[in-house]
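Please find below a short note on the structure under review.

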Amino acid sequence: MPHLVAEEPSMDLPVIDLDIYRSNAPSSPAVQEECARAARALITYGALVLHDSRVSESDNETFLDLLEDYFAQPAETLRRDERPELGYQVGVTLENTEKPKCAVDQPCLDVIERLAPAERPLDISGHQPDPKCRFFWRMGEPAPYATQFPGLNAENVIPEDPEIRKRWTPVMETWGKSMKSAVSGLAEMAAVGMGLPAETFTDAGRYGPHLLAPTASDLEKYGTKDTILAGFHTDLNFLTIHGRSRYPGLHVWARNTGRRIAVSIPRPRRDQPGSYLLVQAGKQLEHATGGLVKAGYHEVVVNDKTVSAVAARRRDFPDRPLVRISSTFFWHLSSDYDLTPIPALADQARAVRAANFDLGRDEGGEVEYEPMKVGQQVQNELKHIALLA
């Protein structure tokens, strides 16, 4: 099994090429090295940039257009698509509903305290709900067994507006399948890079309640510099993947205690097929690796580049809604899967933690990853962010 040591963080996220993995023999040196790079990137940064030649930039643009039109509808129209009784795990979540867990979570507050003052997120101590909307569209494969967590595997909601309705399912499915295929490939690469069989994580996530989960922020209303659109947090799932947003503003933190990185997803060259996508580690991956990979902390804020992008968009597309859409996909492990640290990875996690401590990086108290069903872990996290009573 390869010995994985976190690299020294730089200000650019590593770019991992999924095509190398897909186009060569699993045992080839090129595949083994690229998989090791993927694993090291997740350990060091909790995030990476993934290139996949199959993912179309135009599909992302079509998706962004649809979601801008959807979220430009009146709030009373959107509210018909809410399902609070299901923890908002399908359909729409309106602005000022979802709270950043970190504001009342002591381990997270400790992470902020350990950051250098210049690297800390914008203040979230008031625990105000985020001024963002969200839509959850299920992309899971139905399990061939009765799940213990039916609320996490509910039927999709299709919007009522006739013009949006006829575009909705084909666009959501096209983009969702692209994201799901890309992030599943990265899950295989990460497993290989950690010395595990390629299918370790994808088998565990085969019947996961995967979600195409775009967020929307009204930049007419919330476009002032330093507005927090999504407060400092980690994602509760296994891996999160994003296409490019039309408006910058996402910051990530390397290994939770490093420097804040303003994420910039590169554009493909004109002669280059495919897309670059951002992948972030979530809490399920942290749990499964015993903390070898840490869920990546991030925030979305209005910064100078956001303000510039708003001005350019207003000038160039005056008839389009000024709504920041994130084309986000949450890849989950199956709800009934027994989530427990893989022993060999938990051993390496302790070694990486000790090495970081020797380098002067205090990662705080050791976390105990108790065995539990994935569905229970999800429900625990949803209660923290005020989506489940």
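This is a predicted model: local features need pLDDT of at least 70, side-chain atom pairs count only at pLDDT 80 or more; totals for chains, interfaces and linings use all residues.

1. The protein exposes about 16,400 Å², and carbon and sulfur atoms supply 51% of that area.

2. Of the 389 residues in the protein, 57% are buried.

3. As to overall dimensions, the C-alpha trace spans about 55 × 50 × 50 Å along its principal axes. The radius of gyration is 20 Å, which agrees with the value near 21 Å that a compact globule of 389 residues would have.

4. The secondary structure of the protein comprises 11 helices and 16 strands. When contacts between residues at least 6 apart in sequence are considered, 84% of them join residues at least 24 apart.

5. Helix α2 (residues 29-45) packs with helix α6 (residues 162-193) at an angle of about 95°, and their axes lie 7 Å apart. Angles of 65 to 115 degrees count as roughly perpendicular, and α2 and α6 are therefore roughly perpendicular to each other.

6. Which residues of α2 and α6 meet? On the α2 side they are Gln-32, Glu-34, Cys-35, Ala-36, Ala-38, Ala-39 and Leu-42; on the α6 side they are Leu-186, Met-189, Ala-190, Val-192 and Gly-193. By class, the residues of this contact between α2 and α6 divide into nine nonpolar, two polar and one charged.

Technical notes: Residues are numbered from 1 along each chain as its sequence is written. Side-chain values use heavy atoms; hydrogens and water are left out. Axes are lines fitted to C-alpha atoms, for helices over the stretch in contact, and angles run from 0 to 180 degrees between N-to-C directions. Helices (H or I, at least four residues) and strands (E, at least two) are DSSP runs, numbered from the N terminus. Angles under 35 degrees count as roughly parallel, over 145 as roughly antiparallel, 65 to 115 as roughly perpendicular and the rest as oblique. Contact means heavy atoms within 4.5 Å. Ala, Val, Leu, Ile, Met, Phe, Trp, Tyr, Cys and Pro count as nonpolar, Asp, Glu, Lys and Arg as charged, and the others, Gly among them, as polar. The radius of gyration is taken over C-alpha atoms; the globule rule is 2.2 Å times the number of residues to the power 0.38. Buried means under 20% relative accessible area, exposed over 50%, partly exposed in between (1.4 Å probe, protein chains only). Accessible areas come from the Shrake-Rupley method with a 1.4 Å probe; for residues, only the protein chains shown count as cover.
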